[in-house]
Protein chains: 2
Amino acid sequence: MRIIKNVLQMQKVALNHVKNGDKIGLVPTMGALHEGHSSLIAKSKKNDDITIVSIFVNPMQFVVDEDYLKYPRTIEKDVEICRKNHTDYVFVPTVNDMFSVNHKTFVEVKTLQDILCGKFRPSYFRGIVTVVVKLFNMSYADRGYFGMKDFQQFKIIEKMAKDLNFRTKIIPCPIVRERSGLAISSENYYLSIEENKASENISRILKEASKDFKVKDLNFVKESVLDKLKKIPDGKVDYAEILDFNDLSFAGKNTRKVVFAVAI
Amino acid sequence: MRIIKNVLQMQKVALNHVKNGDKIGLVPTMGALHEGHSSLIAKSKKNDDITIVSIFVNPMQFVVDEDYLKYPRTIEKDVEICRKNHTDYVFVPTVNDMFSVNHKTFVEVKTLQDILCGKFRPSYFRGIVTVVVKLFNMSYADRGYFGMKDFQQFKIIEKMAKDLNFRTKIIPCPIVRERSGLAISSENYYLSIEENKASENISRILKEASKDFKVKDLNFVKESVLDKLKKIPDGKVDYAEILDFNDLSFAGKNTRKVVFAVAI
């Protein structure tokens, strides 16, 4: 396993693999690696000749500076996890190498970026998409691996890659959960013990609702989930929407596969 | 010379050249080729192993539908010019293949896109930059050739390529002019005989001013040019600015190289 800290070096190495005919897999992360990430790496190891794990806490996707500074940084442990998962390259660029002081270019995916979490965190998805475009251009990835935990993010990146004709195929990966059912996430780190309990509760409420879809209509399912969510102590529902799995439009009677998206 | 009409086909062919170790040059055009384009193709033929000329009238960069429909289309003549200049591939994608009905992704270069022509044609540069990103992803170009005639466009694309880490190096190419001094441009096609005369006049006024820079201060040069421009019959000055050649900021005493940008 090789650790690369320099952007030009990463591009040079990756391009050599392209010339070699190797298939390249990219697992973009912000570090603080956990079992969810390990499952992405494992999937790439299975599919690709070469697996690159990038570790970069992207300042552009934080709305509040404090959150950026507080984001967990566990680089030594991360490198160890990459090694255990037989990663070929760990790419750890510096902020200065990633973004020039005078950075001016942004990539936006209209509509998709403005709903759900985008409504509450303006420029959040723009920050993510822009850095992903850069990482694609640094890694020449044939496949990029994204967890379905961040479903809106996955959909936005999938749309961007298609619209801009990136050679990179976006591979959605199943959510890895704690025993409680809560999705494993580096961001759970921000939660107090009470908030963590509440999060497990949300996860349970949604799981229960998933059975209702077969027998009840969408509106009934939505309202009954909302009723339960509103009972969570100190909770304020930002949104609770049942959407088409394919394009995140509002689900209707004829929608074949839905996603229930909730933020509290 | 091979003509390619399909996006996936273009990507496949270009990727094979990358694997071969060939250096790829891209000359992106909207067709209606003239001597300016020929000079770009010649430059690529000199620098690169493979020269791709793309011909695509980009609907996204027209503010008025009518202009899009009226834009000169001379594909047979264009192909002939490409052949004469020893182009390797002419890439002529269809609109439907370039843009899905549901296209949502846009690339923006803040600040640079909002000044000069960007002020008067909102979303114009966004349309150009977005299609250029797509063409880079279709051609895997090592070098992209852009005429300095469209100076703001060249600067914006240069900035985008750097900010997003495209492997494509942006090569600026000298303006090719008619005998009158007017830059050769497919868009001159829109001009009436009177407007064409006026354009030649603008070109002459700027050429005269270029001598003044050595002896007069910037403000004097600007004002004396403005005086002359205002005398052009039926002319309305949109802007006349002396800018830093490097970043299009306003030029000052210490600016070493300037560009005088005028729109009427």
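Into which domains is chain A divided?

1. Chain A is divided into domain 1 (2-173) and domain 2 (191-263); these bounds come from an automatic or database domain assignment. This is a predicted model, in which local features need pLDDT of at least 70, side-chain atom pairs count only at pLDDT 80 or more, and totals for chains, interfaces and linings use all residues. Residues are numbered from 1 along each chain as its sequence is written, chains are lettered from A and ligands numbered from 1 in the order in which they are written, and side-chain values use heavy atoms, with hydrogens and water left out.

2. The C-alpha centres of domain 1 and domain 2 of chain A are 28 Å apart. Contact (heavy atoms within 4.5 Å) joins nine residues of domain 1 of chain A to 10 residues of domain 2 of chain A.

3. Between domain 1 and domain 2 of chain A, the buried area is about 830 Å², with carbon and sulfur atoms giving 80% of it. Buried area is the accessible area (1.4 Å probe) that two parts lose on being put together, summed over both. On the side of domain 1 of chain A, the residues that lose the most area to domain 2 of chain A are A:L116, A:F120 and A:F151, together 59% of what that side buries.
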